[in-house]
Amino acid sequence: MAAAGSSPTIVEYFGGEDGYRCGYCKNESGNLSHGMWAHSMTVQDYQDLIDRGWRRSGKYVYKPIMNQTCCPQYTIRCQALRFQTSKSHKKVLKKMLKFISKGDVSKAVSEEEPMDSHVEDAVSCGFVHRSESHVSEAELTPLNEDHTDRVEKEDEDKGETKEEVNVKKAELASLQIRGDKDAAVPGEPSSSTKIVHAPPKPGKGADLSKPPCRKAKDIRKERKLQKLLRNQRCTLEGSPLQAEHQALLLQNSKSTANQPKSIEDFIFVPLPDDAPHKLEVRVVRSSPPSSQFKATFQESYQVYKRYQMVIHKDPPDKPTINQFTRFLCDSPLEAENPPNGPDCGYGSFHQQYWLDGKIIAVGVIDILPYCVSSVYLYYDPDYSFLSLGVYSALREIAFTRQLHEKAPDLCFYYMGFYIHSCPKMRYKMFTSSCR
């Protein structure tokens, strides 16, 4: 149903009888889907469609026929309000922060690709697929193999003699017997139990006779807390509330230290006045095109053209302006600005990343009543070292949270389709829950 003052949804249905070439497995006729050309569409109608497995590419809206297509595609989304950054996410956010604030450039070479429903952004994920030829023999060792046999095999590989192996077996047996003799007897104090730790050989693991290593950050926090407690003790000396204040101070310190950092803690941190770089993220409406979109169209197109040529090896004449416009600028979604919606309204937008006054990346997104839907990302290949695919996804999650403050129903981040057999899409499992 169309919102007040907007056009109704008008589509032409094409059906899904004929198969066509698959962009994932390269099957010439294995890709089957329902499709329709959308002349206009309300944001609520499109929200209902993507919740049922549909997606758009320009004005073409399609849904894979799951029991017939060669590569089944599943709608995947992230609950933005519950999202917590992992260690790998923090590395990307810190890398961008260090580059902006200090000019540090990571030495690691990025090999990212775009994040969209056709060619996905290759990002670190929770697991790595390996063929059988890449698995070592040690990983294929049966679980029921005797420990001493494994020790013997390892030592033989290192060139040790059988006599040395027999000595090791005797040492293992003596440790076991000694542990049995020193075991606690019911009714006797447990202090009679003795644990004997043989000093490990270099490279054989941690020395259990020594205290575990601690992170320098934890040691600094503990010292700072002890200093605060000493200062508090001096000011409250003789006061009956001293113990209570110390306990409260300790509790507040622990709660602050244990609280994980959010995306916002990294992207909204104040920068020094002499920061070598400045990053600005602008959201401009792409359909119907706003004045800001028109003013930056040529620069945005040049970034896309360079991206296609370097990343996807397209010839210089292939990414034409018409192709760019049909694929990433045209949209059937009607612009809607209800009073209870986000300040920018609903519809299709380009999220532009400006670094030192020039565009280095553009995220194509749809803002819908219940979600922010990621359509595509392209970026300047010269800045691949910043992991812009991951960074933009995290920024879009933070943007979803920001919109939620004004529009409470808007709380999901849609990442397009997920294909289990496509390695380039496995990164999507790191932020999402399938539905």
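I began with lysine 102. At 61% relative accessibility, lysine 102 counts as exposed (over 50% relative accessible area; buried is under 20%, partly exposed in between, 1.4 Å probe, protein chains only). Lysine 102 lies in helix α2. Helices here are DSSP runs of H or I with at least four residues, strands are E runs of at least two, and both are numbered from the N terminus.

A note on the source. This is a predicted model, where local features need pLDDT of at least 70 and side-chain atom pairs count only at pLDDT 80 or more, while totals for chains, interfaces and linings use all residues. Residues are numbered from 1 along each chain as its sequence is written, and side-chain values use heavy atoms, with hydrogens and water left out.

**Positive patch**

I looked up the surroundings of lysine 102 next. A surface patch of positive charge includes Lys87, Lys102, Lys215, Arg220 and Lys261. Patch residues have over 30% relative accessible area and no salt bridge, and like charges are joined within 9 Å. I placed each charge at NZ of Lys or CZ of Arg. Lys and Arg count as positive; His and the chain ends are not counted. Areas come from the Shrake-Rupley method with a 1.4 Å probe.

**Salt bridges**

I then turned to the paired charges. My rule was a side-chain nitrogen of Lys or Arg within 4 Å of a carboxyl oxygen of Asp or Glu. The count comes to seven salt bridges.

Glutamate 264 and arginine 401 pair at 3.0 Å, N to O. Glutamate 264 is in helix α7 (residues 263-267) and arginine 401 in helix α11 (residues 388-406), so this bridge ties together parts 137 residues apart in sequence. Arginine 401 is buried, at 13% relative accessible area.

I checked glutamate 280 with arginine 282: the closest N and O atoms are 3.3 Å apart. Glutamate 280 is partly exposed at 33%, and arginine 282 is partly exposed at 32%.

Aspartate 380 bridges to arginine 306, with 3.2 Å between the closest N and O atoms. Aspartate 380 sits in the loop between β9 (371-379) and α11, and arginine 306 in helix α9 (residues 297-311), so the pair ties together parts 74 residues apart in sequence. Buried or partly exposed? Aspartate 380 is buried at 9%; arginine 306 is partly exposed at 35%. Shared partners join Arg306, Asp380 and Asp382 into one salt-bridge network.

Methods. Patch = residues over 30% accessible without salt bridge, like charges linked within 9 Å, V, L, I, M, F, W, Y side chains within 5 Å.
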